[in-house]
Structure formats: C-alpha cells, structure tokens
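Open the model in your viewer and keep the sequence panel beside it. This tour moves from one selection to the next.

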Amino acid sequence: LEDRVPLVRGAAAFALWRLGPGKPGSGGDPSAAAGALIPLLGSRDEETRQLAVHALGRMGAAAVPALEKAASGRSRHRSEARRVLGEIQGESDPPAD
C-alpha cells in the first residue's frame, strides 16, 4: 500500500477489497486495513483512489473509525473520506466542508 508505483498500490487495495477484512471468516484486522487504506483516498491515481473507496466500503462499519478520523482532519483525503463514510452510513449527501 505504500509502494511508489500507483499500479502496485491499486493492486494492494484491490486485494483488500476482495478479501474483505472484517467479514466473517476473513481473519483480517479491519481497523488496521482501514487505517492503511485511508492515505490512498488522496492518491493522484484515480484507479488507486477508487479501489481504496471500494475496499473501505466493503469493510463497512469496521472502517468507520478510520474514516471519521480522516474526515475530521485537515488532510487532502478529507472530502473523499466523508463521501465513503456517508455511503457506509446510508447518507446520500455527506456533510459539506
């Protein structure tokens, strides 16, 4: 997830999305996985960003603490974190900045 090559980061995010840490039987730690994916929300690479969004969305409630922390900060991925958080919580329009 920290590789300098966007394709590699995207592939790692895709793997987390497919594995679904936090899902029954996955054996993964969803809070660690969510925390690792948050920085990818600010990636310049669109595909990497979207794969991170899908992975976090699949984690559902397990990703909420990491997303709330990112959404309340001053990072470049704040608005994307708010959007994903809104999707998980069933809101059609996430809170504005």
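Which residue follows H5, and is its phi positive or negative? Select Gly-90: this residue comes after H5, and its phi is positive, near 80°.

Some ground rules. This is a predicted model, where local features need pLDDT of at least 70, side-chain atom pairs count only at pLDDT 80 or more, and totals for chains, interfaces and linings use all residues. Residues are numbered from 1 along each chain as its sequence is written, and side-chain values use heavy atoms, with hydrogens and water left out.

**Whole chain**

Switch to cartoon. The protein shows five helices and zero strands. Helices (H or I, at least four residues) and strands (E, at least two) are DSSP runs, numbered from the N terminus. Along the sequence the pattern reads α-α-α-α-α. Now colour by accessibility. Buried means under 20% relative accessible area, exposed over 50%, and partly exposed in between (1.4 Å probe, protein chains only). Of the 97 residues in the protein, 38% are buried. Contact means heavy atoms within 4.5 Å. Among contacts with a separation of 6 or more, 52% join residues 24 or more positions apart.

**The core**

Select Leu-37, Ile-38, Leu-41, Leu-56, Met-59 and Leu-67. These residues have the most contacts inside the largest nonpolar core, which has 23 residues. Such a core is a set of buried Ala, Val, Leu, Ile, Met, Phe, Trp, Tyr and Cys residues joined through side-chain atoms within 4.5 Å. H1 (6-19), H2 (30-37), H3, H4 (64-72) and H5 each supply at least two residues of this core. H3 gives the most, with six residues.

Select Pro-39, in the loop between H2 and H3. Pro-39 is partly exposed, at 42% relative accessible area.

Look down the axis of H4.

**H5 and its partners**

Select Glu-80, Ala-81, Arg-82, Val-84, Leu-85 and Gly-86, the buried residues of H5. They pack against H3 and H4.

Take H4 with H5. The two pack at an angle of about 140°, with their axes 8 Å apart. Axes are lines fitted to C-alpha atoms, for helices over the stretch in contact, and angles run from 0 to 180 degrees between N-to-C directions. Val-64, Leu-67, Glu-68, Ala-70 and Ala-71 in H4 meet Arg-78, Ala-81, Arg-82, Val-84, Leu-85 and Ile-88 in H5. This contact divides into eight nonpolar, no polar and three charged residues. Ala, Val, Leu, Ile, Met, Phe, Trp, Tyr, Cys and Pro count as nonpolar, Asp, Glu, Lys and Arg as charged, and the others, Gly among them, as polar.

Last, show H3 (residues 46-59) with H5 (residues 78-88). Their axes come within 10 Å and cross at roughly 35°. Gln-50, Val-53, Leu-56 and Gly-57 of H3 make the contact with Glu-80, Arg-83, Val-84 and Ile-88 of H5.
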